[in-house]
2 protein chains.
Amino acid sequence: MQTPWTERFAQRTQRMRSSAVRELLKLTEQPDLISFAGGLPAPDVFPVDQFQESTCRLLKEHGTKALQYSTTEGYRPLREMIARHSSRYGIVIEPENVLITSGSQQALDLIGKVFINPGDHLVVERPTYLGALQAWNAYEAEYINVPMDEDGMQPDALEAALRMGPKFIYALPNFQNPTGVTLSLSRRHQLIGLADHYGVPIIEDDPYGQLRYEEEHILSLVALDAQARAHNGAPYTGNIIYLSTFSKTLAPGLRLAWIVAPAEVIQKLVQAKQGADLHTSTFSQMLAYDVARGGFLDQHIKIIRAVYGARRDAMLKALEMYFPPEVTWTKPQGGLFLWATFPEYVDAADVLQAAIKEKVAFVPGTSFFADGTGRNTGRLNFSFCNEKQIADGIYRLSVALKSVLAAKAMAV
Amino acid sequence: MQTPWTERFAQRTQRMRSSAVRELLKLTEQPDLISFAGGLPAPDVFPVDQFQESTCRLLKEHGTKALQYSTTEGYRPLREMIARHSSRYGIVIEPENVLITSGSQQALDLIGKVFINPGDHLVVERPTYLGALQAWNAYEAEYINVPMDEDGMQPDALEAALRMGPKFIYALPNFQNPTGVTLSLSRRHQLIGLADHYGVPIIEDDPYGQLRYEEEHILSLVALDAQARAHNGAPYTGNIIYLSTFSKTLAPGLRLAWIVAPAEVIQKLVQAKQGADLHTSTFSQMLAYDVARGGFLDQHIKIIRAVYGARRDAMLKALEMYFPPEVTWTKPQGGLFLWATFPEYVDAADVLQAAIKEKVAFVPGTSFFADGTGRNTGRLNFSFCNEKQIADGIYRLSVALKSVLAAKAMAV
């Protein structure tokens, strides 16, 4: 007889589903469509030549090592490089505080596995990163949504949330995905203070921290927390788990990211990772190390900043020029995304449908809201398309938007 | 104040721990120690030149694609290659039946995530693969242990286990890790028949199927199940999920494996993988495809078979020559491991301790028993060391063993 497979799925799969948006976005794979939907880095900034040089050297000098099994914690020289790099920002980190993960998505999954009991409450920004919700839905988390303004999470709402006994706070302080909003320095101090006061840890997700296009770097939560605790040179043992990635600075196709945390947390995450995928690709790790070392990565990030900064400017300029006055948007200081808010009576899914007809796409915002609100919002990526495409695409999107607004006006 | 991190860990972490064996095995990292402990493929059979050629071509022709994000399902040409390869063995498989995973360990983790509710019972061989227990302990599985003889799981015990309402059966039919035992053809038919009769699915884990050193290939469970169901050319929709890997034939450092399953199972696994690591390294996938295609992998496997077959023979010969008569061992027809059984009154951990003094190591068998038994057993790997090292190592191990046996005889 036939096996009724779906009846054997575990309870937690009830919350795993392909979104309707994902289905709509499949329509965006037409060659002449301009897509602001993805979160893709621009392939034209991938350092392909450098990768070519490094793979040749790596396979010649360490070929059998690069192709063999390796430790769950990650390639030690890469962990040392990350520790050294962190110390530039005033956090004392040993390799024992660093775990290499198969992309930041795995970091989120492992954190879910190690911390979340079914029904545990997590404090998240409203809206927040979709990938975190996907990872943690599988562990049957519940969410407490804290509204944001142009400086990030609002402290009053945050404090109310902390009194609900959450397992942790999840924050994306720099150029947040999806909104592009940056948590201000004073808000960072407030967040760290409140978290410490209520004894609730923070997961700081920082994929874009180095991609700032204006003004000065603001210290990360983990660096501020380390300063406040002043451990006299001992490795970090504070209240924050920090995540970052090579996906936006080197290449996402390698699937390489890392977690910085107190050693006792890393040890448990290592046990979880051992059961999850044994270790991250040795080849990817040794390759990333070889490409990044000797200051190459720092230099390369300057190129990325110049390219993406110009694209952000192009998008802001086009929005100013073409978008109807009923629509507002954020002005991110860095990262890959900005966030548009349509009039309340507009459903972004309708806008997307009209947009696809005009051969342009974006992501409706509601997927980023743990509470299912935000139907009149949308995320626009500015890293992938060049300036000409951005200008054209925003124009096309404005045509789609105006058609939806006009139809709504007719209906009223 | 200090954050009491460990108090925030989820309930499921209670079952995640570093084993005592793992600690002992850290002592085996001395350069002059001969280790039969790992499960490492021999680096001397890695096709490094082929990898060098392929990376150069790949980065030159498809550099930006290889470094970019890609789909969760996996690189389509690789999935097509796996589908074609499966069809050689009489299973009709479409790319929609194939999911690429970050090593087989991730396949086990995703299966746990999609199927196991806390407390669910799983039928496993006694002993079984340690990595599966690690993956599924995190989902709070319980185990029903079915004893094995030289033909694999015993049908009577299996049937009794199936009447306990398990979620699935986990089986390693070819040259099982850890015992090296192969499930005979008649037992395969019995297993498939019983599973179908009780309506319980099978997870078939087959990392070593192509590494057979004598006699003829026995059809996989999934192929036999497909035959029995005779779908007239429609893609497979039977009762079995099949896992295999490139780790033992190409290189483990890439972390590449795959799952073959009915399409509705693959779809749910894809959703789980999206939250777990988004996708497996694009670079690794395209590289493996480029190395494997055009018949190279088939040719390369012949070399591996010749090398490992000779090493297995060397180990069997040395065991015959040096081991005391109180010890027995399996004679695997393929794979990487054989299995030693010491007298009941001997603890393999004591043997390991004595062995390390003699500069040789193996893995005590108890970690492979879900019920914690098997203290007088051990797993010996024969793929990693060359024939000279194998002869020397087995001699050293015999010295250690005899010292433990002599001490026990004194104590009696």
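The model is a predicted one, so local features need pLDDT of at least 70 and side-chain atom pairs count only at pLDDT 80 or more, while totals for chains, interfaces and linings use all residues. Residues are numbered from 1 along each chain as its sequence is written, with chains lettered from A and ligands numbered from 1 in the order in which they are written.

Two copies of a chain are related by a rotation about an axis and a shift along it.

In chain A, eight strands make an open sheet with mixed pairing, in the order S2-S9-S8-S7-S6-S3-S4-S5. Strands (E, at least two residues) and helices (H or I, at least four) are DSSP runs numbered from the N terminus, and two strands pair if DSSP finds at least two bridges between them. The edges are S2 and S5 (152-153) of chain A, each pairing on one side only. Helix H9 (residues 263-277) of chain A packs on this sheet, touching S2, S8 and S9 of chain A, and its direction makes about 25 degrees with that of S2(A). Contact here means C-beta atoms, placed from the backbone, within 7 Å.

Strand S9 (residues 257-260) of chain A is covered on both faces: A:Ala257 and A:Ile259 are buried on one side, A:Trp258 and A:Val260 on the other. Buried means 20 or more other C-beta atoms within 10 Å of a residue's own, against 12 or fewer for exposed and partly exposed in between, with C-beta atoms placed from the backbone. S9(A) pairs in the antiparallel sense over four bridges with S2 (residues 98-101) of chain A, and likewise over four bridges with S8 (residues 240-245) of chain A. A:Val260 is the bridge partner of A:Val98 and also stands opposite A:Tyr242.

Over in chain B, the axes of helices H11 (residues 296-322) and H13 (residues 387-411) come within 9 Å and cross at roughly 30 degrees. Axes are lines fitted to C-alpha atoms, for helices over the stretch in contact, with angles from 0 to 180 degrees between N-to-C directions. H11(B) and H13(B) are therefore roughly parallel (angles under 35 degrees; over 145 is roughly antiparallel, 65 to 115 roughly perpendicular, the rest oblique). Among the contact residues are B:Ala314 of H11(B) and B:Ile394 of H13(B).

Technical notes: Contact = placed C-beta atoms within 7 Å.
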